Amino acid sequence: MHRIRRRPSVSLLIASALSFVVAGCASLPRAQYGVADAPAARVLDLTELRRYADDPASTFRQDRNQAALRGPRTYLALSGGGADGAYGAGVLNGWTEAGTRPSFSIVSGVSTGALIAPFAFLGSGHDATLRDVYTSGIAESLLDAPSAFNAIFGAGLFGNKRLRELVAKYIDVSFVAAVATEYAKGRRLFIVTTNLDSQRTAIWDMGKIASLRTPEALNLFRDVVAASASVPVVFPPMLVTAVANGRQFQEMHVDGGVTAPVLTLPEAFLLRDAKLARIDDKANDLQLYILINNKVEPEFQLVANSTIEIAARSSSTMVKTQTRSILYSTWDFTRRNKFGFNLTYIEGRIPAAASSGFDTAYMRGLFQYGYERARSGHAWSKSPPFDGLKPTAGYRTSAARQAVVGH
C-alpha cells in the first residue's frame, strides 16, 4: 500500500479562495444577453454542437450518425475529482497492461475526467500522455502562487492561462483530427460543462466539434476541455462566444462537476436500439464502466470548528452524496435493461485527508495505486457500495425515474 501525504482538498482551496473574494466586489463587464437569447444560442453558428442534460428526450434520438455503432457497445464515464484524476490515469494504464481494456464506443468526462476523456477515447496509445499529465509535476504548477489581485479584480484565485496552455500542449490539430476520424465511425466523445448563466448542464459533442476541422473548432475544443476543469473561484471561467437573435455575447462555462460530478447519457440515447433488441438481444448490449476519481463511501472526520473547514467538508459531502445518488440510479437503470454495470473508485483505506490536492508525490502514489488495481484485475465491482445494506430486487430510487442519469 502506498503512503499518500496529506494535501488540501479542492473544496478547501475553494473555501480559502472565498476568503480573498469577500475582500472585494469588483467584476469585469460582460456583453448583455437575456433569457430569451439563451435557448437559441448558437456556437460557431451551429446548434448541434451541444445539448443540455434537461433537454427533451427526443433531442437525444436525433444522432443519426451514432447508428453506425451496431452490436455491443462499451461506455466509459469519467468523474471529476481534481488531482485524484491520477487514479483514473493509473487505472487506464494498468487496464492496458492487463490486456483487457476495450475500445470504448462512448466516453464522457467531467472536470478532471474531461482532461482524461479525449485520451481515453483515442486509446491506449495515449497512456503515456496521461501518465505525464498526472505524474510529471506539470499539474502542480497550475496552483502556484495564488493571487489576491486575481481573486478580487479577476474571476479566480489562480489565473487560468496555465490550465488552457496545458490543454493546448497536448491537444493539437492532429489530435483533434484523430477524434474527428473516430466520430465518423460512429464513436462518441462527450464533455460536460456547467453554463453558469443558465444554471444548466451542457453536454458537448466533441467529435462533432472536431469534425468541423477549422481553427475555430480547435479553439472551441480546447476551451470546452479547459472549462470543464475550471473549478469555480479557484480558476476563472471560460467564456464561449455565442450568437442569438442578432446579437453576439459570451456564455460563462465552468467545471462540469458543479451540476454533474459524473454523467451517463440519457436513457433515450442509450436505448436507441431498443427495437432491434426485441429481435437480437446482442443488438443493444451495453457495458457501462464508471470511473470515479474520488471516494464514494462515507468516512468519519472530526471537523474543526472553523468557517473554512466547515465549508470544505460541506462541499465534499455534497459531491459525495450526489455521486452516490447517480451511482444508485445508474445501477438500477442497467439492471432493468440487462446492461453491464462496472464501477471503480478510490477505496476508503486511502488516507481520508489525502483524497485531493496537486502535490506531485501524492499524485504519483495514487496513479500507481490505480495502475496496480487495474493490472491485477481487481479494479472493477458490479454494484455500487451499499454500506452493508444491499437493496432487494425491487429497489428503486426516485432519481432512477428521471430521464437523465446525473440530474
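User: Which residues does L76 touch, not counting residues up to four places away in sequence?

Analyst: In this predicted model, L76 touches L92, F104, I106, V107, S108, A120, Y289 and L291, once residues up to four places away in sequence are set aside.

User: What core does L76 belong to, and how many residues has it?

Analyst: The general idea comes first. In soluble globular proteins, nonpolar side chains tend to be buried together. Here, the largest nonpolar core has 73 residues, and L76, W204, M206 and F221 are those with the most contacts inside it. Helix 9 supplies the largest share of this core, 8 residues. Another core, of 30 residues, lies apart from it; Y75, F190, L286 and F333 are among its members.

User: How many helices and strands are in the chain, and what share of its residues is buried?

Analyst: The chain has 13 helices and 9 strands. Of its 407 residues, 53% are buried. Among contacts with a separation of 6 or more, 81% are between residues 24 or more positions apart.

User: How do I read a helix with a buried face? Which residues of helix 7 are buried and which are exposed?

Analyst: An α-helix has 3.6 residues a turn, so residues three or four places apart point the same way. Now take helix 7, residues 173-184. Its 12 residues reach 17 Å from the first C-alpha to the last, close to the 16 Å expected at 1.5 Å a residue. F175, V176, V179, A180, E182 and Y183 are buried in helix 7. Seen down the axis, the buried residues of helix 7 fall within an arc of 165 degrees, so they line one face of the helix. V173, S174 and A184 are exposed on the other side of helix 7.

User: What do the buried residues of helix 7 pack against?

Analyst: They pack against several elements, including helix 3 (112-122), helix 6 (161-170), strand 4 (188-195) and helix 9 (215-228).

User: Is T193 buried or exposed, and which residues is it in contact with?

Analyst: T193, in strand 4, has 1% relative accessibility and counts as buried. Leaving aside neighbours within four places in sequence, its contacts include R200, T201, A202, W204, V224 and H253. T193 and I203 are 10 residues apart along the chain, and their C-alpha atoms are separated by 6.8 Å.

User: At what angle do helix 4 and helix 13 pack?

Analyst: Helix 4 (residues 127-135) and helix 13 (residues 360-375) pack at about 145 degrees, with axes 8 Å apart. R131, Y134 and T135 of helix 4 meet T360, M363, R364 and F367 of helix 13. By class, this contact has 3 nonpolar, 2 polar and 2 charged residues.

How values were computed:
Residues are numbered from 1 along each chain as its sequence is written. This is a predicted model: local features need pLDDT of at least 70, side-chain atom pairs count only at pLDDT 80 or more; totals for chains, interfaces and linings use all residues. Side-chain values use heavy atoms; hydrogens and water are left out. Axes are lines fitted to C-alpha atoms, for helices over the stretch in contact, and angles run from 0 to 180 degrees between N-to-C directions. Helices (H or I, at least four residues) and strands (E, at least two) are DSSP runs, numbered from the N terminus. Contact means heavy atoms within 4.5 Å. Ala, Val, Leu, Ile, Met, Phe, Trp, Tyr, Cys and Pro count as nonpolar, Asp, Glu, Lys and Arg as charged, and the others, Gly among them, as polar. The expected span of a helix is 1.5 Å times one less than its number of residues. Buried means under 20% relative accessible area, exposed over 50%, partly exposed in between (1.4 Å probe, protein chains only). The arc is that of the directions from the helix axis to the C-beta atoms. A nonpolar core is a set of buried Ala, Val, Leu, Ile, Met, Phe, Trp, Tyr and Cys residues joined through side-chain atoms within 4.5 Å.
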